[in-house]
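User: I have this one open and would like to go through a few points. Can you take my questions as they come?
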Amino acid sequence: MENYKNKVVIITGACGGIGKAITEKFAAADATLALCDIRQDELSHTVEKCRQAGATVYNDAIDVADEAPVRSFCETVAQTFGTIDCLINTVGIVDCPGDVEELSLSMWDETLSINLTSAFLMAKYSVPHIKQQGGAILNIASVSGLANQENAMIYSVTKAGLLSLTRSEAIDLAKYGIRANAISPGSVETPLLEAAVDQAAQLFSRTRDEQWQVWRSQYPTQRFTSPQEIAELALFLCSGRATNITGTNFVIDGGLTALLPER
Ligand SMILES: NC(=O)c1ccc[n+]([C@@H]2O[C@H](COP(=O)([O-])OP(=O)(O)OC[C@H]3O[C@@H](n4cnc5c(N)ncnc54)[C@H](O)[C@@H]3O)[C@@H](O)[C@H]2O)c1
């Protein structure tokens, strides 16, 4: 397994379904962790678990869509540990339904801020430190950045934007030895998926069980991805085994986006 001893890794959304799996994976790989999430109690719980596993952890409950706390978080991490090596952005919200007529400007702005501007801000304030020695940025996007679903416009817009941001980061920062990649999952077994299933069940007048069944059966592998599978890929992409991989998007979706509709 990759070893991250003496590597300082920032993970946003650290106590979410995917963020927690990535955090635990990097803790097991000996990384020094800098964790943030907006939910203080959940964050404390995740931090406690990582410390019990022997990891060194700095954490702060910040809103990553807010510039001042993001700046202060990145500066404090660099001061505390002397460097930043990797930035992993996992924060995202999915509960933002509406077509172009229905979606309010406030929901548009809020989703854009949390899902996309946050990744820009985190990079803006961590890159000055990462570029001292080189490192990696990883953005958790979505297959929704590649193809769109009914009534989910702004989510797709933000994820497509995140893929574009990733490519620009890769191009502009290569000269500093900084790589940038994205992972685009299909459905992953997390609380966010539970909420999305409930929302879809309501939209299509199905029971919760029916909606799970319909959703799952659309995947060639007939299953969703586990958060640990995303974490495994994240560990590889940020490591010294991936030093010429940059500007790329890694789809992990059980074959969903390879499939055309049935004839
Ligand atoms: N779960 C899936 O099926 C799935 C599929 C594709 C992509 N994704 C993407 O993966 C990422 C993680 O998803 P997840 O399923 O772990 O979601 P999650 O809701 O479990 O985790 C998201 C975390 O972000 C935190 N957060 C939200 N807004 C914040 C803010 N403004 N500042 C700081 N923290 C904030 C939440 O508290 C939460 O802990 C998201 O970007 C999501 O779009 C998820």
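User: Where does the largest share of the lining of the largest cavity come from?
Analyst: From α4, which supplies 4 residues of that lining. Keep in mind that this is a predicted model.

User: Which residues line the largest cavity?
Analyst: The lining consists of Thr12, Asn89, Val91, Ile114, Asn115, Ser118, Ala119, Ile140 and Leu162.

User: And by class, what is in that lining?
Analyst: There are 5 nonpolar and 4 polar residues, and no charged ones.

User: What volume does the largest cavity have?
Analyst: About 40 Å³.

User: How many cavities of 30 Å³ or more are there?
Analyst: The structure has 1.

User: Back to α4, then. At what angle do α3 and α4 pack?
Analyst: The angle is about 25°, and the axes lie 9 Å apart. Helix α3 covers residues 67–81, while helix α4 covers residues 105–130.

User: Why call them roughly parallel?
Analyst: Angles under 35 degrees count as roughly parallel, and theirs is about 25°. The two helices are therefore roughly parallel to each other.

User: Is the crossing left-handed or right-handed?
Analyst: α3 passes α4 in a right-handed crossing.

User: Which residues meet there?
Analyst: On the α3 side they are Glu67, Val70, Arg71, Phe73, Cys74, Glu75 and Ala78. On the α4 side they are Leu121, Met122, Lys124, Tyr125, Ser126 and His129.

User: What about that contact by class?
Analyst: Between α3 and α4, the contact has 7 nonpolar, 2 polar and 4 charged residues.

Technical notes
Residues are numbered from 1 along each chain as its sequence is written. This is a predicted model: local features need pLDDT of at least 70, side-chain atom pairs count only at pLDDT 80 or more; totals for chains, interfaces and linings use all residues. Side-chain values use heavy atoms; hydrogens and water are left out. Axes are lines fitted to C-alpha atoms, for helices over the stretch in contact, and angles run from 0 to 180 degrees between N-to-C directions. Angles under 35 degrees count as roughly parallel, over 145 as roughly antiparallel, 65 to 115 as roughly perpendicular and the rest as oblique. A crossing is left-handed if the near helix is turned anticlockwise from the far one by less than a right angle, and right-handed if clockwise. Contact means heavy atoms within 4.5 Å. Ala, Val, Leu, Ile, Met, Phe, Trp, Tyr, Cys and Pro count as nonpolar, Asp, Glu, Lys and Arg as charged, and the others, Gly among them, as polar. On a 1 Å grid over the protein atoms alone, a cavity is a set of points where a 1.4 Å probe fits but cannot get out, and a pocket is an open set with protein on both sides within 12 Å along at least five of seven lines; lining residues have an atom within 4 Å of a point. Grid points are joined across faces, edges and corners, and a volume is the space filled by probe spheres set on the points.
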